[in-house]
Amino acid sequence: MSGSNSNDNNNNKEEQQFHFVLVHGAGHGGWCWYKIRTLLEAAGHKVTCLDLKCSGIDPTDFNTVFTFADYNQPLTSFMSSLPPNHKVIVVGHSAGGKSVTDVIHKFADKVHIAIYVAAFMINIGNSASTNEHLSKQEMLMHMS
């Protein structure tokens, strides 16, 4: 009987699909996840790789991004667009950890798991989104 339970568990794992949202670090874009994206999709998972403002192929001029909320807007908009009861696994690398922490605070009901890959993890109450007006130097520090 334990053998059949083992097979049932393996079948359930094979059928279970997750939606991964991969958030790049400073100086990168969604393109940096191409190898991971390919592997996850080959395993049957849904994967979203976003470009944050003035990153990757996003054409926004850096000189027009004044707040962390502006910088993080593509991720915030994406999370807002998810249907109710749709949960994602959010993965952040490097400075992308700040974006992940911000999303956890704003969309806790839509985050299944948050994964920090060599990433910044901000203490609760120190969310980068509370820094509404950042100088260019402070913005560079948040992005690096």
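This is a predicted model: local features need pLDDT of at least 70, side-chain atom pairs count only at pLDDT 80 or more; totals for chains, interfaces and linings use all residues.

Biologist: At what angle do helix 3 and helix 4 pack, and how far apart are their axes?

Modeller: Angles of 65 to 115 degrees would count as roughly perpendicular and those under 35 as roughly parallel. Here helix 3, residues 68–81, packs on helix 4, residues 96–106, at about 55°, with the axes 10 Å apart, and helix 3 is therefore oblique to helix 4. The crossing of the two helices is right-handed.

Biologist: Which residues make the contact?

Modeller: Helix 3 contributes Phe-68, Tyr-71, Asn-72, Leu-75, Thr-76 and Met-79, while helix 4 contributes Lys-98, Ser-99, Asp-102, Val-103 and Lys-106. By class, the residues of this contact divide into 5 nonpolar, 3 polar and 3 charged.

Biologist: How many salt bridges does a search of the whole structure find?

Modeller: The criterion is a side-chain nitrogen of Lys or Arg within 4 Å of a carboxyl oxygen of Asp or Glu, and the search finds 2 salt bridges. One joins Asp-102 to Lys-106, with the closest N and O atoms 3.2 Å apart; both residues lie in helix 4, 4 residues apart, about one turn of the helix. Arg-37 forms a salt bridge with Glu-41, at 3.0 Å between the closest N and O atoms, and these two residues are 4 apart in helix 2 and so separated by about one helical turn.

Biologist: Are Asp-102 and Lys-106 buried or partly exposed?

Modeller: Asp-102 is buried because its relative accessible area is 1%, under the 20% cut-off, whereas Lys-106, at 39%, is partly exposed. In the Arg-37 and Glu-41 pair, Arg-37 is partly exposed at 30%, and Glu-41 is partly exposed at 38%.

Key:
Residues are numbered from 1 along each chain as its sequence is written. Side-chain values use heavy atoms; hydrogens and water are left out. Axes are lines fitted to C-alpha atoms, for helices over the stretch in contact, and angles run from 0 to 180 degrees between N-to-C directions. Angles under 35 degrees count as roughly parallel, over 145 as roughly antiparallel, 65 to 115 as roughly perpendicular and the rest as oblique. A crossing is left-handed if the near helix is turned anticlockwise from the far one by less than a right angle, and right-handed if clockwise. Contact means heavy atoms within 4.5 Å. Ala, Val, Leu, Ile, Met, Phe, Trp, Tyr, Cys and Pro count as nonpolar, Asp, Glu, Lys and Arg as charged, and the others, Gly among them, as polar. Buried means under 20% relative accessible area, exposed over 50%, partly exposed in between (1.4 Å probe, protein chains only).
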